[in-house]
Amino acid sequence: MRRVPFAESLRIIGRGSLNWLRERPIVVSFEVTDSCTCYCRHCDHGGPKDDSGNLKPADYRRYMEALHPCVVQVSGGEPLMRDDVVDIVRNIKDDKGLPYTILVSNWSLMTEQRYLELHEAGVTQFSVSLDFPDERHDAFRVHPGLYDHLRRIVPKCAAHGFDDIVLNSCITSENVGEIDAMAEKAREWGVNICYSAYSARRTGCKDYFLNSAKQLGSMNRGLDRVEERRNGSGWIVNSTTTLDATRRYFENGGTPGCKAGLRFLVVTAKGELQPCSMQFKRYSLAERSRMIEEFTRNNTCDQCYVSIRSYLDKTFPTLLWENVSGFFSFKTH
Ligand SMILES: C[S@@+](CC[C@H](N)C(=O)[O-])C[C@H]1O[C@@H](n2cnc3c(N)ncnc32)[C@H](O)[C@@H]1O
Ligand code: SF4
Ligand code: SF4
């Protein structure tokens, strides 16, 4: 994974520390549209939605000034459905290259030209969802031809050498036997890999959670093999501690201690604040403190272990060490 240059890393540390002390979010996820090109079986999004009241690209400046996060996710729905997504990214980035900006997308609408434009506009990391290392991906995402598109476009974009593409594989009961094969696919395509964990909270469907000893055994064997593949280059983006916490999440059926609303939050397509993508109590931008008091201080939900949580439930020194040295591949020389 591309290493963040020293000066930029220092700016991220500075802004992150300040936000931590001032109780401002470290990570903000902008869901720039509710519409999607897929109908994934594990997700509550899917298909077209009413996009008429969506924030405009220039509106994102106001949110950046108020929230000042050091990491931004541009997500959805499917963010590439917005023709103005490059403009959105330009409005999110400041002239010093902050925040660290991750485009979270299924890549069904990605082209080489769009990839280059988004890179130029300031996307630091491209997170590409992949649930299976073959055409089973199409069935799970209800999008015929998607895998074939990915197997062409991902290596083509990776060949530019920016080392900024990460396959994002959400572990479910359906694909738990493919954990190592997904890592192999990342190697084949010349990109990095990051694992996340299924939450039943989005759809209420418990079938995709790892419910049996056989499935848990399969996860542990897969993640053991992934650990053996580490070579110091950071191509397996999750830290070992995060993958260990993912194992415990599935084994225990949840992970307490969530800081949604405080350390991270979601801005919906229409501009309201939500604690996370799976908690639907909404607040205006001016009501962020009320969200912390009402939601975060009383939150007992333990129903996901999405990657944001895995980084931000930690203490401040651990966060600095792991997120900066590990997640951002902090370069000390
Ligand atoms: C909600 S999608 C939005 C961005 C884009 N449409 C995509 O699929 O990458 C972001 C990520 O959430 C994951 N996801 C969807 N449903 C999930 C669930 N129930 N539990 C955990 N992750 C989930 C997807 O696999 C995807 O990697
Ligand atoms: S996971 Fe992403 S691609 Fe799939 S339905 Fe949800 S938002 Fe759409
Ligand atoms: S554990 Fe936290 S981030 Fe996950 S669904 Fe619950 S409130 Fe949201």
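**Exercise 1. Find which residues of H8 meet which residues of H9, then classify the contact and the packing.**

Step 1. From H8, Leu216, Met219, Asn220, Leu223, Asp224, Val226 and Glu227 meet Thr240, Leu243, Arg247, Phe250 and Glu251 of H9. Contact means heavy atoms within 4.5 Å. Helices (H or I, at least four residues) and strands (E, at least two) are DSSP runs, numbered from the N terminus.

Step 2. Sort this contact by class: six nonpolar, two polar and four charged residues. Ala, Val, Leu, Ile, Met, Phe, Trp, Tyr, Cys and Pro count as nonpolar, Asp, Glu, Lys and Arg as charged, and the others, Gly among them, as polar.

Step 3. Take the axes of H8 (residues 213–229) and H9 (residues 240–252): they come within 11 Å and cross at roughly 175°. Axes are lines fitted to C-alpha atoms, for helices over the stretch in contact, and angles run from 0 to 180 degrees between N-to-C directions.

Step 4. H8 and H9 are therefore roughly antiparallel to each other. The cut-offs are under 35 degrees for roughly parallel, over 145 for roughly antiparallel and 65 to 115 for roughly perpendicular, with the rest oblique.

**Basis of the values.** This is a predicted model: local features need pLDDT of at least 70, side-chain atom pairs count only at pLDDT 80 or more, and totals for chains, interfaces and linings use all residues. Residues are numbered from 1 along each chain as its sequence is written, ligands are numbered from 1 in the order in which they are written, and side-chain values use heavy atoms, without hydrogens and water.

**Exercise 2. List the shell around ligand 2 and classify it.**

Step 1. The shell holds Cys36, Cys38, Cys40, His42, Cys43, His45, Gly77, Asn106 and Arg141. A residue is near if one of its heavy atoms lies within 4 Å.

Step 2. By class, the ligand 2 shell has four nonpolar, four polar and one charged residues.

**Exercise 3. Locate two backbone features.**

Step 1. The peptide bond from leucine 98 to proline 99 is cis, with omega near -5°. Proline 99 sits in the loop between H3 (85–92) and E3 (100–105).

Step 2. Glutamate 23 is not a glycine, yet has a positive phi of about 55°. Its loop runs between H1 (6–22) and E1 (27–31).
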